[in-house]
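Subject: Structure handover

Hello,

Please find the structure below. My notes on what was found in it follow.

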Amino acid sequence: MSIITSIAEIFQTSGFAALSWQNWVMIAIAFVLLYLAIVKKFEPLLLLPIAFGMLLVNVYPEIMYDPLSIATPGGEVLDASAHWYDSGVLRLIYCGVKSSIFPCLIFMGVGAMTDFGPLLANPSSLLLGAAAQLGIYVAFLIAIVIPEFRIGNFVFDGFTAQEAASIAIIGGADGPTAIYLTGKLASHLLGPIAVAAYSYMALIPLIQPPIMKLLTTKKEREIKMDQLRTVSKAEKIIFPIVVTVLCVLIIPSTAPLIGMLMLGNLFKESGVTDRLSDTAQNALCNIVTIMLGVTVGATAEGKTFLDIKTILVIVIGLIAFAFSTAGGVLFGKLMNVITKGKVNPLIGSAGVSAVPMAARVSQVEGRKYNPSNFLLMHAMGPNVAGVIGSAVAAGFLLLTFQ
């Protein structure tokens with residue numbers, strides 16, 4: 001009996017005894033995401049740290065422990081001995097997510113890696129980037145009209161306008177923008193929205209192709225587009241400066257995202273800050289991606305993550321992605337008609353701001369139907385336009401609902 005008692009005591013002190021069924025569900029989901037990242041290679045730079053963070057917090061929830069989370073209505077901490085440095089290690093790193101530091105730094109890195117040349121060579125692709133934000137507004141309308149309901153012990157009391165706006169931005173297919181806006185409007189939903197946004201970005205090669213095929217004809221998918229004109233260095237230098245001034249003056253709340261995006265791009269295009277450009281697009285971006293990915297995944301702790309609101313966020317987010325893809329493709333079809341067959345509608349799907357994943361999907365799908373087709377550079381125009389479009393949409397929502 002002493003051996004059995006000892007084994008029972010060991011089990012009770014182990015992590016197994018503390019795990020709930022919700023934790024086991026999230027562990028299973030983490031395994032699936034790890035499989036997709038490692039075996040299927042679906043954007044592993046994003047999906048792998050997210051999946052591992054999800055796995056880590058569900059086998060050891062204390063890693064996201066926040067000693068200051070229990071407070072009186074007046075804001076006083078109940079435990080006088082609690083300090084911020086007593087937090088779990090991932091909770092400390094997560095401060096960079098909640099404070100919007102990480103999203104802004106990621107945007108700087110994205111800017112340093114982005115070539116706005118395809119957009120400048122074909123300014124009409126800006127319209128495709130705008131059309132691909134359709135999912136944001138569809139998702140907002142869906143979220144705001146869902147009525148209150150009850151399923152067993154689960155009660156859903158509806159989404160506020162701020163929550164609906166935060167969920168809607170998932171349709172922009174831009175993780176940093178989703179985190180930035182949600183942190184300002186509905187920080188309690190930051191976990192599920194960030195996980196949904198980054199997971200769907202990583203799964204774009206699965207989500208987009210069926211929609212692209214459904215909305216286009218074989219003849220349209222075979223269209224070969226003309227080579228883009230060469231863009232001068234002066235145009236590339238002037239562009240980030242002009243965009244920053246116009247966007248920030250029109251919608252001031254876009255300043256953090258647009259400003260950092262264009263600063264990173266100016267590092268790249270100016271030709272006089274090679275070291276800063278290299279740091280922004282490599283070392284800095286990689287470090288922040290690791291910390292952001294792991295901590296975003298670590299917000300998916302089973303006991304708090306699996307509820308009605310989270311499930312609705314995931315579902316509405318998928319609908320938003322689908323409508324954003326459809327909006328870009330349908331506008332691409334319209335441009336094809338206007339230009340009398342010169343625009344391949346497949347590039348419209350790249351209007352979502354998942355750079356460069358969405359542009360690569362357009363390229364791959366185009367090559368399936370016409371091996372001589374090279375749509376990548378044409379798709380990069382709406383793709384980088386989508387980055388600007390999602391940031392502007394986030395600024396508009398912030399201005400409206402904050």
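Just after helix H18, lysine 340 takes a positive phi of about 60°. Helices here are DSSP runs (H or I, at least four residues; strands are E, at least two), numbered from the N terminus.

Before the rest, some notes on the source. This is a predicted model, in which local features need pLDDT of at least 70 and side-chain atom pairs count only at pLDDT 80 or more, while totals for chains, interfaces and linings use all residues. Residues are numbered from 1 along each chain as its sequence is written, and side-chain values use heavy atoms, with hydrogens and water left out.

H18 itself covers residues 308-338. Its 31 residues reach 45 Å from the first C-alpha to the last, close to the 45 Å expected at 1.5 Å a residue (the expected span is 1.5 Å times one less than the number of residues). At the start of H18, a side-chain oxygen of aspartate 307 comes to within 3.3 Å of the backbone nitrogen of lysine 309.

H18 also packs against helix H12 (residues 204-215), with the axes 10 Å apart and an angle of about 40°. Axes are lines fitted to C-alpha atoms, for helices over the stretch in contact, and angles run from 0 to 180 degrees between N-to-C directions. H12 and H18 are therefore oblique to each other; angles under 35 degrees count as roughly parallel, over 145 as roughly antiparallel, 65 to 115 as roughly perpendicular and the rest as oblique. The crossing of H12 and H18 is right-handed (the near helix is turned clockwise from the far one by less than a right angle; anticlockwise is left-handed). Contact, meaning heavy atoms within 4.5 Å, involves residues including Ile207, Ile211 and Leu215 of H12 and Phe321, Thr325 and Lys333 of H18. The residues of this contact divide into eleven nonpolar, two polar and one charged. Ala, Val, Leu, Ile, Met, Phe, Trp, Tyr, Cys and Pro count as nonpolar, Asp, Glu, Lys and Arg as charged, and the others, Gly among them, as polar.

- Helix H4 (residues 89-98) and helix H16 (residues 274-297) have axes that come within 9 Å and cross at roughly 110°. H4 and H16 are therefore roughly perpendicular to each other. The contact is made by Leu90, Ile93, Tyr94 and Val97 of H4 with Met291, Leu292, Val294 and Thr295 of H16. By class, seven of these residues are nonpolar, one is polar and none is charged. H4 passes H16 in a left-handed crossing.
- Helix H10 (residues 175-185) and helix H11 (residues 190-202) pack at about 165°, their axes 9 Å apart. That makes H10 roughly antiparallel to H11. Among the residues in contact are Gly175, Pro176 and Ile179 of H10 and Leu190, Ala194 and Tyr198 of H11.

Two backbone details remain. Most residues other than glycine have a negative phi, and most peptide bonds are trans. Lysine 41, not a glycine, has a positive phi of about 60°; lysine 41 sits in the loop between helix H2 (21-38) and helix H3 (44-59). A cis peptide bond joins valine 355 and proline 356, with omega about -5°. Proline 356 lies in the loop between H18 and helix H19 (357-369).

Regards

Terms used:
A polar contact is a pair of N or O atoms within 3.5 Å; within protein, one must be able to donate a hydrogen and the other to accept it, and residues adjacent in sequence count only if both atoms are side-chain atoms.
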